[in-house]
Amino acid sequence: MRIFEKPGADNTEEALTAAVRAAAERKMDIVVATGTGQTAERLAEVAKAQGFSGHIVAVSCVYGMHEKGKNELSDRMRKELEGRQVRVVTAAHALSGAERGISKVFRGVYPAEIVSAALRMLGQGVKVCVEIALMALDSGNIPYGEPVVCVAGSGGGADTVCIITPDYTADLLQTRIHEILCKPGLYTSCNLDK
């Protein structure tokens, strides 16, 4: 496992290269977290340069995450990614979604939020890798029962790559993290508001 000294976008090129190499060697699809689409776009470029022929699924943030009625992923970027044969998934976040709406009103902690906090002990990127794998499977964009390479970050770009076999969100505890290929060693403390 490669441990980056610090989290963040400075690790993007190395993380994406590792992800594509692992996916090509193991004949797996790639699932990537993307806000604006830039990380997914760069992944598509790296994949093309390395001759990767598998599927890439980009999982964007939900509508309304930063501003009601808006999505950080522009329509132009969505079309550009789809033109590069990248499947784009925009759906409720598997490890927060409705539970966050309930906890904001009733001031409690709910099971999916506990799972999220536990995964963040390994790093924000590991939590996001699990979440996007669940979302990609729930939306039918990756095959059931097969491991995938997941790429995420700690707040911009990519710094975490995991090999995961997800189960559907309804059976999320059956999800398996097989390997963490890279992640930051130092990261900010758990922020339960994310």
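This is a predicted model: local features need pLDDT of at least 70, side-chain atom pairs count only at pLDDT 80 or more; totals for chains, interfaces and linings use all residues.
Biologist: Why is the contact of Glu13 and Arg42 called a salt bridge?

Modeller: A salt bridge is a side-chain nitrogen of Lys or Arg within 4 Å of a carboxyl oxygen of Asp or Glu. For Glu13 and Arg42 the N to O distance is 2.7 Å, so the pair meets the rule.

Biologist: What makes something a helix or a strand here?

Modeller: Both are DSSP runs, numbered from the N terminus: helices are H or I with at least four residues, strands are E with at least two. Strand β7, for example, covers residues 176-184 and contains Glu179.

Biologist: Which other residue forms a salt bridge with Arg42?

Modeller: Glu45 does, with the closest N and O atoms 2.9 Å apart. Arg42 and Glu45 both lie in helix α2, 3 residues apart, which is about one turn of the helix.

Biologist: Why is Arg42 called partly exposed?

Modeller: With a 1.4 Å probe and protein chains only, buried means under 20% relative accessible area, exposed over 50%, and partly exposed in between. Arg42 has 30%, so it is partly exposed.

Biologist: Arg76 or Glu80: which is exposed and which partly exposed?

Modeller: Arg76 has a relative accessible area of 54%, so it is exposed. Glu80, at 27%, is partly exposed. Their side chains meet in a salt bridge of 2.9 Å, N to O, and both lie in helix α3 (residues 75-83), 4 residues apart. Salt bridges that share partners join Glu13, Arg42, Glu45, Arg76, Glu80 and Arg84 into one network.

Biologist: What makes Ile102, Val105 and Phe106 a nonpolar patch?

Modeller: Patch residues have over 30% relative accessible area and no salt bridge; nonpolar side chains (Val, Leu, Ile, Met, Phe, Trp, Tyr) are joined within 5 Å, like charges within 9 Å. Ile102, at 39%, is over that limit, and it is found in helix α4 (residues 97-106). The three residues together have about 330 Å² of accessible area, from the Shrake-Rupley method with a 1.4 Å probe.

Biologist: What makes a space a pocket and not a cavity?

Modeller: On a 1 Å grid over the protein atoms alone, a cavity is a set of points where a 1.4 Å probe fits but cannot get out, whereas a pocket is an open set with protein on both sides within 12 Å along at least five of seven lines. The largest pocket holds about 1,000 Å³, a volume being the space filled by probe spheres set on the points, which are joined across faces, edges and corners.

Biologist: Which residues line the largest pocket?

Modeller: There are 38 lining residues, and Cys61, Met65, His66, Glu72 and His93 are the closest to the centre; lining means an atom within 4 Å of a point. The largest share, 6 residues, comes from α6.

Technical notes
Residues are numbered from 1 along each chain as its sequence is written. Side-chain values use heavy atoms; hydrogens and water are left out.
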